[in-house]
Amino acid sequence: MTNVAVIGAQWGDEGKGKVVDWLASRADVVVRFQGGHNAGHTLVVGNQTYKLSLLPSGLVRGKLCIIGNGVVVDPDALLAEIARVRAQGLTVTPETLRVADNATLILPLHPALDNAREVARGDRKIGTTGRGIGPAYEDKVARRAIRIADLAEPETLSAKLDELLLHYNTLLQGLGVAPFVKETLLQGLLALAPQILPFAEPVWERLDELRRGGKRILFEGAQAVMLDVDHGTYPFVTSSNTVAATAASGSGVGPAAVGFVLGIAKAYTTRVGSGPFPTELHDATGQLLGDRGREFGTVTGRRRRCGWFDAALVRQAVKVAGVQGIALTKLDILDGLPELKICTGYRIDGAFCRHLPASPGAQAAAVPEYETVEGWSGSSRGARSWADLPAQAVKYVRRIEELVEAPVTLLSTSPERDDTIMVRDPFEG
Ligand code: IMP
C-alpha cells in the first residue's frame, strides 16, 4: 500500500474532481498542497453537487482534510466555502479540517493587484482567475507574506501590514487603483482570526503521525503541469509548482511519502486563459468538443479553448512530473467522430521537435505534427470494462499510452463515479 498524488497532466480541468473523489473514498486523509481558490472541483454525490475551490475533496466523503503550507489561503474565501458546504449538510470542524499554520494568506490587496496588472497588460494578459494567487506567492518568496500563524499576533500583523502596504500602495497607485487603508485591513484580519485559528496547526507533524500509523494519504493537486511556474508555458502559467514533487514541500513530508503519481489527462485538450495551445481547433470540431464536453470553467465560467489530444505535451508532463499512470477522462466526448488526430510533436522553423520548447517565440511558431486515427461509431459512454469499449476506442487509448510513454491505469467514461475502468489500483503502487 502506498500514498497517491493526483495531478493534472495538461492545462487543468482534466476531470480531476471525479477521479479525486473516487480515490478519496478509499483514502484516510486528503491533502491540498499548492494553489488556492483558483482551483475548481465539481463533485456530484447522490443528488448533491458540491463546488469546491479551496477545500480538499475528501470533505465530501467525511475524510480528514488538510490544507498544506504550499497553498495560498484567502481566509474570506475559506470561511465562505465552509459555510456553503455546511449548508449542503457537510460537517466541517477542526476535527475534520486542518490548515497549515505556516500557509500564506491572500488579502484583499492581492486580487486588487492581480486584476489591475491584467488590465495594464492589455492584449498580453495572462487570463488569471483574478483571485490574487500570483501576488500572494510573490509575497511569500519576497518574505513579506502574512501567514496563518501571524493571525495570533496582532503586533506582528501590524508591522507586516506596514511593509506590505508600502509595497502595494505604491504599485496600486501607479496603476491608478485606490490605495488600501492599514486599519481596515488590520481590523478585518483580527475579526477573522478567531474563526480561522482553531483550524491551524503544524500539519507536517500530523502527517508524520498519520504516516507512521499506516494511513493512506491522497495528495490532491490543483491546476496542472503545463501551468507549472517552471515547467509550464511560462509566463502563461499559475504561480506555483504543480508537479507531484510539490506534494512533499507543500505539505511537509519527504519525497518518498508522495507515493504513486497519477496524472489526469483528458482524451482531447482544453485550456482556459491565454497562452500557446498548438493543437487548438477554431473550427466546428473544436466547437463540438466544447459543447459536448461542457467546457466551461468552474471558477471563471469562461468557455475553455478546445483541441486535439497533444501527446507530445502530455509526454513532457509525464517526464517532468514523474507520472507513473494516466487517468484518461472524457473519452466518450469523442464518440462518433469519423477520425481523430493525435499530436506527436511539432514542426518549428522546419525542424521536428518532440517537446514544446521553453522560448515563447518557438512555442508560438510550433505547428503540430499529427497522426490520424480512425474514430468509432459505437458508444464508449458508461463503459466499465475494456470489452464494453468499441475496438477503435481501445486502439486510440493504446496509441496514447505508447506516445505519452505511460500506461493508462484508469479510464473514465462518463461523469458518473462508477463509470470507470480501473486497470491498476494506484494505492497498490
Ligand atoms: P492564476 O492561477 O489565477 O494566477 O491564473 C494563471 C493561469 O492559470 C490562467 O491561465 C488561469 O486560467 C489558469 N488557471 C488557474 N487555475 C486553474 C484551474 O484550476 N484550472 C485551469 N486553469 C487554471
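Of the 429 residues in the protein chain, 57% are buried, meaning under 20% relative accessible area, with over 50% exposed and partly exposed in between (1.4 Å probe, protein chains only). This is a predicted model, where local features need pLDDT of at least 70 and side-chain atom pairs count only at pLDDT 80 or more, while totals for chains, interfaces and linings use all residues. Residues are numbered from 1 along each chain as its sequence is written, and side-chain values use heavy atoms, with hydrogens and water left out.

Now the aromatic rings. Rings of Phe, Tyr and Trp (its six-membered ring) pair if their centres lie within 6.5 Å; planes under 30 degrees apart are stacked, over 60 edge-to-face, and the rest tilted. The count is two aromatic pairs. One is Trp11 with Phe277, tilted, at 5.2 Å centre to centre and 55° between the planes. Trp11 sits in the loop between strand E1 (4-8) and helix H1 (16-24), and Phe277 in the loop between strand E12 (269-271) and helix H9 (284-292), so this pair ties together parts 266 residues apart in sequence. Trp11 is buried at 2% relative accessibility, and Phe277 is buried at 7%.

Trp376 and Tyr396 are also a tilted pair, with centres 5.8 Å apart and planes at 55°. Tyr396 is in helix H12 (391-404), and Trp376 is in the loop between strand E18 (367-374) and that helix. Trp376 is buried at 4% and Tyr396 at 1%.

Definitions and conventions: Helices (H or I, at least four residues) and strands (E, at least two) are DSSP runs, numbered from the N terminus.
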